[in-house]
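Subject: Structure handover

Hello,

Here is the structure you asked about. Please open it alongside this note. My findings follow below.

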Amino acid sequence: MKEIRHEPVAPTRAQRLAPGAAIDAHRHDDHQIVYAARGVLAITTGAGTWVAPATRAIWVPARTVHAHQAHGRLDLHLVGLPATDNPLGLDGPTVLTVSPLLRELILAYTRAPLDDSPVRRRLRAVMLDQLKASHHEPVHLPTPSAPRLKELCAILQADPADSRSLAMLGKEIGASDRTLSRLFQSDLGMTFPQWRTQLRLYRALVLLAENTPVTSVARACGWASASAFIDVFRRAFGHTPGAHQS
């Protein structure tokens, strides 16, 4: 079993990751805000995956074991906060909306010099005020633990465009749709349609970060038309998929 890296202090810095690059599982004694100014960032823990485009950041609580995955060329900005300072009052990873002002504050705060000057302390205070005002977004793909649910989710992860009903998928794995519906609620805290939509949105973000055409993304992720995909995407993220194309 690979050893999990322990970093007592969560770093505050800016760095670039190449497409497909990853940061292996690790943990900090501090809280951390992780923001990708370009590209799409995925953070995975034992509980699931949180995904964030450039309009979102991810709050990672202290001592949470997590790994990073870059989709597209990633401009990564990390903000470490002491474990005693939890301005958001969150005890689990959470995706946060990043306003244009908050974006500029994070970018400025993660640039050198990383000192403790009065100017920098004021910048940090304003940034934290903006974070407190950020909306929490349900951009989370939970990981199943029930064996039958794992089998079903693996089928859809292999092909998000699979449009079969829960009853039809249940026949393939030998479980009734009633049993599976109950498992989705008890194990993942969401319905089957909600989980499948989250999976499709996550895959769509990854494909868009790779500059896949919107029409192709819609087809690959199971939407009947590009317009239907654009509508769901806009409602989830507040902008159209085209905003992710470089």
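This is a predicted model: local features need pLDDT of at least 70, side-chain atom pairs count only at pLDDT 80 or more; totals for chains, interfaces and linings use all residues.

Aromatic rings come first. Counting ring pairs with centres within 6.5 Å, the total is five aromatic pairs. One of them is F229 with F233, an edge-to-face pair.

Where do F229 and F233 lie? Both are in helix α8, which covers residues 226-237. They are four residues apart, or about one turn of the helix. Both F229 and F233 are buried.

The charged end of R120 sits over the ring of Y109. The distance to the ring centre is 3.8 Å.

Now the strands. Look at β5, residues 48-52. Five of its five residues are buried, so the rest of the structure largely encloses this strand. In a regular strand, side chains alternate between the two faces of the sheet. In β5, G48, W50 and A52 point one way. T49 and V51 point the other way. All of these residues are buried.

Which strands pair with β5? One is β4, residues 31-45. β4 and β5 run antiparallel and are joined by five bridges. T44 stands opposite T49 of β5. A hairpin connects β4 to β5 through two residues. Another partner is β10, residues 140-142. β10 also runs antiparallel to β5, with three bridges between them. There, G48 has P142 as its bridge partner.

Finally, the whole chain. The protein chain has eight helices and 10 strands. Its radius of gyration is 19 Å. A compact globule of 246 residues would have a value near 18 Å, so the two agree. The C-alpha trace spans about 65 × 40 × 30 Å along its principal axes. Of the 246 residues, 49% count as buried. The accessible surface comes to about 11,800 Å², and 53% of that belongs to carbon and sulfur atoms.

One more value concerns contacts. Take those between residues at least 6 apart in sequence. Of these, 68% join residues at least 24 apart.

Best wishes

Technical notes: Residues are numbered from 1 along each chain as its sequence is written. Side-chain values use heavy atoms; hydrogens and water are left out. Rings of Phe, Tyr and Trp (its six-membered ring) pair if their centres lie within 6.5 Å; planes under 30 degrees apart count as stacked, over 60 as edge-to-face and the rest as tilted. Buried means under 20% relative accessible area, exposed over 50%, partly exposed in between (1.4 Å probe, protein chains only). A charge sits over a ring if NZ of Lys or CZ of Arg is within 6 Å of the ring centre and within 35 degrees of the ring normal. Two strands pair if DSSP finds at least two bridges between them. The radius of gyration is taken over C-alpha atoms; the globule rule is 2.2 Å times the number of residues to the power 0.38. Contact means heavy atoms within 4.5 Å. Accessible areas come from the Shrake-Rupley method with a 1.4 Å probe; for residues, only the protein chains shown count as cover.
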